[in-house]
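Have the sequence and the structure open while you read.

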Amino acid sequence: MSACASTGCGPEATGILAIPQVREVVCVASGKGGVGKSTLTVNLAASLAAQGMAVGIVDADIHGPSISLLLGTGSGVEATAEGLAIPKFSHGIWSLSVGNLLPPEAGLAWKGPLVAQAVEQLFREVAWPPLDVLLVDMPPGTGDVQITILERMPVTGAVVVSTPQRLAVVDAERGIALFHEYDIPVFGLVENMAGHACPCCGEITRLFTGGHVEALAKRRHVAYLGAVPLAPEAAAAAESGTPLRTQDPASAAVTAIDAVAVRVGDALTKERLAREHEAGLSAEQRRNAAEFWQNLAE
Ligand SMILES: Nc1ncnc2c1ncn2[C@@H]1O[C@H](COP(=O)(O)OP(=O)(O)OP(=O)(O)O)[C@@H](O)[C@H]1O
Ligand SMILES: [Mg+2]
């Protein structure tokens, strides 16, 4: 969670416990289903890992997990002597998904306290190695799981995914609003399936009337992180349990996701510096800052 500008309060001050070994938590979310969150999560993870970061993924889509399939990690999870789940490691990425833990029919009727318990277990009852960033593949919508994560986990920021159509953009706006309600920075919007990349020159031809996602970014004062073209090869990569970035590094979609990853890396650095600055302020400086913001508000 971002440090509050007026008081310097952060996760500790709000009672949200850090996740041992995990430096930053970034949610990949959208309002709408099927826009490419899971695909982006896996490939963003691969791009960040290629930048030299230690990266993990939590599959928070407990009712419709995809990460175990997209990373080909299979079922069955071992535990440490302390009873912590040992995350899977494949394609340079650590991950844990309900798909690794339970058969497909499990969890369908989970709600309320059971959801909260499942979320806690997926994030905290895990022997994560030291991670620079833990990406969270969020379920679609703005329901129980999302609220539980925003209320209980130390989320640094979010990347919101939308397809170009107005219907998806309307839902993405709801997604952004939810993060803002919890004072969590939205690092930006990714426009997925944004058009067709010419196999010869890579030039992207738009298939839908464009501009809705960029307009939303402007309206909500968040960055437009980039457009990822339709990549028919994404389906083949998904089938083989391999990130597209590993299977087809020359894909135009991979180039676009690599550029998104650089921007996400920059946003994380900015958040970390802001936190370190806040932590370095004396109690008196904090009081002065709080008074300044209070006076401004009045
Ligand atoms: N850029 C792309 N080009 C082509 N196909 C894509 C692209 N991005 C995602 N897909 C395909 O779209 C489908 C939905 O993608 P994905 O499962 O990642 O979406 P999601 O938002 O996670 O869905 P859900 O809300 O159900 O979790 C998948 O079949 C995936 O292979
Ligand atoms: Mg998904």
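This is a predicted model: local features need pLDDT of at least 70, side-chain atom pairs count only at pLDDT 80 or more; totals for chains, interfaces and linings use all residues.

Start with D183, which sits in the loop between α6 (166-181) and β7. D183 isn't a glycine, yet its phi is positive, at about 60 degrees. That's worth a look, since most residues other than glycine have a negative phi.

You'll find Q21 in the segment before β1 (22-29). Q21 is partly exposed, because 14 other C-beta atoms lie within 10 Å.

## Around the ligand

Now hop over to ligand 1, which has 21 residues around it. G33, G36, K37, S38 and T39 are the closest of them. Which elements give two or more residues to this shell? They are α1 (37-50), β7 (186-197), β9 (224-230) and α8 (233-239).

## A buried serine

S95 belongs to strand β4, which covers residues 93-97. It counts as buried because 27 C-beta neighbours fall inside 10 Å, against a cut-off of 20 or more.

Who touches S95 once residues up to four places away in sequence are set aside? The list is G56, I57, D59, I67, L71, T73, P87 and K88. Take L71 from that set: S95 and L71 are 24 residues apart along the chain, and their C-alpha atoms are separated by 8.5 Å.

## The nonpolar core

The largest nonpolar core holds 84 residues. Inside it, the residues with the most contacts are V28, L44, A45, L135, V136, A158 and V159. Helix α10 (residues 252-280) is the top contributor to this core, giving ten residues.

Ignoring neighbours within four places in sequence, V159 is in contact with V26, V28, F187, G188, V190, L225 and V264. V28, one of these partners, is also on the list of residues with the most contacts inside the core.

How values were computed. Residues are numbered from 1 along each chain as its sequence is written. Chains are lettered from A and ligands numbered from 1 in the order in which they are written. A residue is near a molecule or strand if its C-beta atom, placed from the backbone, lies within 6 Å of it. Helices (H or I, at least four residues) and strands (E, at least two) are DSSP runs, numbered from the N terminus. A residue is buried if 20 or more other C-beta atoms lie within 10 Å of its own, exposed if 12 or fewer, and partly exposed in between; C-beta atoms are placed from the backbone. Two residues are in contact if their C-beta atoms, placed from the backbone, lie within 7 Å. A nonpolar core is a set of buried Ala, Val, Leu, Ile, Met, Phe, Trp, Tyr and Cys residues joined through C-beta atoms within 7 Å.
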